[in-house]
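Here are a few friendly notes to read alongside the model. Please have the viewer open as you go through them.

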Amino acid sequence: MFCKNCGNELADGTSFCPSCGTAQNDAAVTLNKGTPISAQVDERKQVLAVMDDSFSVMTSIKQKENEIEEKEEQIEKTKEKARKRYVVLWSFIGFMITCILEGIIGTALASVFFFGGIAFGVWRMISKKKEAAALEAEKQTLENTLLSLKNDPVLLWLPYDYRDSTSFTYLYTYLTNLRANSLKEAINLYETEKHQERLELISAVTAQAASDAASSANAAAGAAAASAFFSLFR
C-alpha cells in the first residue's frame with residue numbers, strides 16, 4: 001500500500017505514514033478546510049490511542065536519554081581532570097614541599113617530593129584519560145540501545161525525527177489539549193513553536209550583544225574623557 005498523502009510505500013495495515021504522519025485508516029482523515037468535526041475528533045482519538053500504546057517504549061527512551069546525558073557530564077568532568085595543567089599543578093605542589101623540607105631533611109631527600117609530584121600528575125592524567133575512554137564506550141552502548149528503541153516497531157507510526165521524549169511529550173500535549181486534531185497538525189505546530197523559540201533566542205542574544213557593545217563604548221568614552229580632563233593639569 002502507499003500513503004494517501006505523500007505516496008510513500010507502506011506495509012499493509014499501517015495506521016500512520018512514518019514519513020508525513022498522515023493517518024491511513026479510511027475512518028481517519030487529515031485535517032483540511034471543510035473536514036467534518038466528527039472526522040477530526042476520530043483521527044485525534046486514533047492518534048492518542050496509538051500514542052498511549054507507545055508509552056512503555058517512550059519511557060525507556062526517556063530513561064536512556066537521561067543516562068546518556070549523565071554519562072556526557074561524567075565524561076566532561078573526567079576529561080577536565082585529565083588536562084595537562086594538572087601535571088603542572090602537582091609539580092608545583094611537589095616543588096613547594098621540596099622548598100619547605102629541604103632545610104629539614106636535606107635537598108636530595110626533599111627533591112623526592114618534587115619528582116613525586118610530577119609522577120603523580122602524569123599518572124593522574126593517564127588514568128583519567130583511560131577512565132574517559134571507558135565512559136565513552138559506555139555512552140556508545142547506551143546510544144546503540146537508544147537507537148534500537150527508536151526503531152521499535154511500535155513507533156513506526158511516528159516519523160523518526162520525533163521519536164524522542166521531548167517531541168513525543170509536546171505532540172501528545174497538543175492533541176490532548178485540543179490544539180491539534182491530527183498527528184500532522186501536531187507536528188506542524190511543534191515545528192512552528194520551535195522555530196519561534198529559535199527566533200526569540202537569536203533576538204535575545206543579539207540584544208545582549210548590542211547592550212554589551214554599548215556598555216563597552218560608553219566605558220571607553222568615559223575613560224577618554226577622564227584622560228582628556230586630567231591632561232589639562234599636566
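**Notes on charged pairs and a nonpolar patch**

1. Glu 191 has a relative accessible area of 27%, so Glu 191 counts as partly exposed. Keep in mind that this is a predicted model. Lys 194, at 26% relative accessibility, is partly exposed too. These side chains form a salt bridge, with 3.8 Å between the closest N and O atoms. Both sit in helix 6, 3 residues apart, which means about one helical turn separates them.

2. Salt bridges with shared partners also tie Glu 72, Lys 139 and Glu 143 into one network. The structure has 8 salt bridges in total.

3. Have a look at Lys 71 and Glu 138, whose side chains meet in a salt bridge at 2.7 Å, N to O. This pair links distant parts of the chain: Lys 71 belongs to helix 2 and Glu 138 to helix 4, 67 residues apart. Is each partner buried or exposed, or in between? Lys 71 is buried, at 14% relative accessible area, whereas Glu 138 is partly exposed at 38%.

4. Glu 193 and Arg 179 form another salt bridge, the closest N and O atoms lying 2.6 Å apart. Glu 193 is in helix 6, while Arg 179 is in the loop between helix 5 and helix 6. Both are partly exposed: Glu 193 at 24% relative accessibility and Arg 179 at 42%.

5. Finally, a nonpolar surface patch covers about 980 Å², with Leu 89, Phe 92 and Phe 113 among its residues. Helix 3 gives the largest share, 8 residues, and helix 4 supplies at least two. Phe 113 lies in helix 4 and is partly exposed at 38% relative accessibility.

Definitions and conventions:
Residues numbered from 1 in each chain as written. Predicted model: local features only at pLDDT ≥ 70, side-chain atom pairs only at ≥ 80, totals over all residues. Heavy atoms only, no water. Patch = residues over 30% accessible without salt bridge, like charges linked within 9 Å, V, L, I, M, F, W, Y side chains within 5 Å. Areas by Shrake-Rupley, 256 points an atom, 1.4 Å probe, with all protein chains shown as cover. Salt bridge = Lys/Arg side-chain N within 4 Å of Asp/Glu carboxyl O. Helix = DSSP H or I, 4+ residues; strand = E, 2+ residues; numbered from the N terminus. Buried < 20%, exposed > 50% of the residue type's maximum accessible area, 1.4 Å probe, protein only.
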